[in-house]
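Welcome! Take a look at the sequence and structure below, and then we can walk through a few places together.

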Amino acid sequence: MSSRDRILGRIRRAVADGGPDPAVPRDYLRVHGVRTPAETADLLAAHLAEYRARVHRADGDGIAPLLARLLAERGARTVLVPSGLPPRWLAATAVTRVEDRPGANPYELDAVDSVVTGCALAIAETGTIVLDGGPGQGRRRITLIPDHHVCVVRVPEQVVDSVPQALPLLDPRRPLTWISGPSATSDIELDRVEGVHGPRTLEVILLSGPAE
Amino acid sequence: MSGTFMGMPAFPDAAREAVRDPVLRANLRHATHTIRDKRARAVAELADWERLRAAGKAVKDHALRHLDRHLVQLEEAVTAAGGTVHWAADADEANRIVTGLVLATGHREVVKVKSMATQEIGLNEALEAAGIAAYETDLAELIVQLGHDRPSHILVPAIHRNRAEIRDVFTAEMGRWGRPAPEGLGDDPRELAEAARLHLREKFLRAKVGISGANFMVAETGTMVVFESEGNGRMCLTLPETLISVVGIEKVVPTFRDLEIFLQTLPRSSTAERMNPYTTMWTGLGPSRGADGDGPSAFHLVLLDNGRTDTLADEVGRQALRCIRCSACLNVCPVYERAGGHAYGSVYPGPIGAVLSPQLRGTGSAIDASLPYASTLCGACYEVCPVAIDIPEILVHLRERVAQGGPVTLGGVRVRIRPARGHTAERAAMRAARLLLDRPGALRAGERLLARARRLRPRRLPGPGRAWTDGRELPQLPAESFRTWWARERGERA
Ligand code: SF4
């Protein structure tokens with residue numbers, strides 16, 4: 001008998017007595033509070049900041065100069081650019097662009113200073129950005145290896161209030177990365193230290209106005 | 001379970017060492033109190049916490065009730081998305097499968113993200129025996145591995161080590177495994193984290209094989225979910241060419257939507273955060289079947305039984321399979337705070353370990369027979385559990401099994417175990433009791449929750465277990481406080 005059959009057989013015998021099989025009560029809240037879109041964006045900003053992400057705001061005209069300034073302040077010489085990132089966003093910086101290529105090896109990515117991406121959506125209540133590899137987001141490793149990640153969230157259209165609002169908007173077949181602040185550890189005496197293996201600096205730009 | 005913990009002394013003996021170690025006790029106390037207060041605040045933010053808790057419990061119960069169907073569905077979905085599913089009835093089989101998969105890649109080095117299932121089966125030792133080096137990459141696991149140590153907490157496995165000890169371990173050991181610790185390394189957590197970053201980065205960048213567990217598996221979509229903080233998980237899950245995930249069969253949830261519950265309850269319960277820094281969800285090889293260069297090009301899922309179906313067969317004990325390993329029950333447990341994680345003789349310490357290990361392994365050994373006694377039944381663990389596992393109820397049930405014998409399922413076969421020799425069980429009970437009684441202050445935390453715990457009405461303890469109850473109905477701990485009751489019990493006995 002294969003282990004598959006053995007395990008399935010054991011399960012069937014184990015639950016033969018019936019056991020609890022409740023209907024799942026879904027009476028928990030879809031959202032915790034009533035907010036205007038502006039309040040939701042403010043909450044997102046506050047929660048991101050609480051987990052030590054740096055939050056900036058820009059409109060259609062301001063995004064290019066802002067990104068140029070952030071990269072310059074960082075001292076970045078190279079920036080990873082995923083395909084589908086609106087070219088206008090990086091129009092004001094002369095930092096060398098590195099394309100997100102399928103064949104790139106991790107060592108090449110490790111030599112890049114910064115990465116700029118968009119996102120799939122952001123969740124205000126938890127201070128979370130979700131990437132799904134869609135246009136302007138790139139492969140998962142490009143937001144992992146460089147030490148500086150700048151993520152652009154379009155407000156209000158990409159921001160939801162809560163986790164239950166977010167899931168129906170996501171496609172589980174795509175690789176999903178949920179990011180809430182820069183990487184962190186509390187493994188040493190439960191002292192929180194920001195930045196271990198992922199990008200140690202996470203900057204989030206809340207972009208209002210037209211996307212392109 | 002892992003050979004690492006074989007031959008462990010019974011709980012009271014192992015705990016005594018910890019109780020006598022002032023550094024360990026100070027570390028544990030600081031850590032558990034810090035996190036427990038933070039957790040309470042994070043939970044209080046959600047007005048619907050109790051409803052989320054009830055929903056989480058129901059999702060897991062439903063998943064377990066139809067576990068066969070959900071696993072088959074999961075297998076289909078993972079396979080359709082380009083993954084390969086393997087089934088392992090026990091630890092040896094799982095180790096054989098994983099070792100074979102790694103050897104087949106031609107590589108002899110793997111990076112690992114913290115996984116309790118692989119610790120449970122002793123995978124690192126099995127890999128080592130096959131000439132494969134396994135590198136733990138979670139900071140705490142790295143501390144444990146470099147320190148030739150054992151984990152003592154689910155979430156913070158090196159909770160028993162303070163910063164100075166960690167600095168010493170890094171300085172002494174890193175060079176033997178790869179990049180040495182920087183010259184003159186200090187003991188600031190920031191510096192220590194930086195040393196770990198540098199040490200592990202070279203391993204991540206060259207890694208060809210990654211090994212992980214998973215917090216959840218979604219039956220309908222085949223999606224795997226890993227919650228983490230440091231980014232080492234993302235490294236292990238996305239950079240290697242081959243990814244092998246070893247996951248207990250009880251980790252399955254029916255639908256993608258079910259995650260909306262646990263994405264809210266797990267981070268708040270475990271790290272006391274609204275959300276942990278990183279969560280990765282992946283489904284097989286993704287929409288392009290691995291052709292787009294995003295993530296591994298081969299994915300293997302090893303579904304692990306290793307005593308879980310035996311646990312499922314026990315109608316009281318099966319609720320332990322709902323556990324989402326948040327570790328909240330450890331942080332509120334007065335016994336854990338004093339005894340430390342090592343005393344539990346298993347990768348699963350604390351209250352959940354006291355009910356899970358004896359079920360996964362049977363109560364044959366001294367440690368497993370004594371674990372059900374490693375509790376005051378104060379009920380704090382039940383109060384904080386995000387999937388409402390009634391740990392005191394299971395403890396009483398297991399004590400009854402140890403003391404009285406009775407039917408259990410072992411390796412899929414229903415057998416009757418004989419009662420433990422009277423004096424053995426009684427001795428275990430009394431020594432555990434003494435451990436707590438000698439420091440009555442340890443019970444205060446639990447006491448506050450007693451009013452609520454009183455609604456639990458587990459059965460009376462017959463046989464040698466009476467040492468704990470002296471004929472009274474356990475749950476009726478009634479008018480007097482737990483501590484007073486204990487003191488009087490001891491007085492009567494002295
Ligand atoms: S038993 Fe409950 S509280 Fe304890 S680790 Fe498991 S889920 Fe968390």
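## Around the ligand

Let's begin with the ligand in this predicted model. The shell of residues around the ligand is made up of 10 nonpolar residues, 1 polar residue and 1 charged residue.

Part of the group is B:Cys323, B:Ile324, B:Arg325, B:Cys326, B:Ser327 and B:Cys329.

Is B:Ser327 buried or exposed? B:Ser327 counts as buried because its relative accessibility is 1%, under the 20% cut-off.

Now move along to B:Ala388, in the loop between α18 (380–384) and α19 (391–404) of chain B. B:Ala388 is not a glycine, yet its phi is positive, at about 50°. With a relative accessibility of 8%, B:Ala388 counts as buried.

## Over in chain A

For chain A, an unreviewed UniProt entry lists residues 110–207 as "domain: LUD". This span is 5% helix and 36% strand, and its end C-alpha atoms lie 28 Å apart.

Where does A:Pro156 lie? Look in the loop between β7 (148–154) and β8 (159–160) of chain A. The peptide bond leading from A:Val155 to A:Pro156 is cis, with omega near 0°.

How values were computed:
Residues are numbered from 1 along each chain as its sequence is written. Chains are lettered from A and ligands numbered from 1 in the order in which they are written. This is a predicted model: local features need pLDDT of at least 70, side-chain atom pairs count only at pLDDT 80 or more; totals for chains, interfaces and linings use all residues. Side-chain values use heavy atoms; hydrogens and water are left out. A residue is near a molecule or strand if one of its heavy atoms lies within 4 Å of it. Ala, Val, Leu, Ile, Met, Phe, Trp, Tyr, Cys and Pro count as nonpolar, Asp, Glu, Lys and Arg as charged, and the others, Gly among them, as polar. UniProt positions are given in the numbering used here, feature names are shortened, and annotations may be inferred rather than shown by experiment. Helices (H or I, at least four residues) and strands (E, at least two) are DSSP runs, numbered from the N terminus. Buried means under 20% relative accessible area, exposed over 50%, partly exposed in between (1.4 Å probe, protein chains only).
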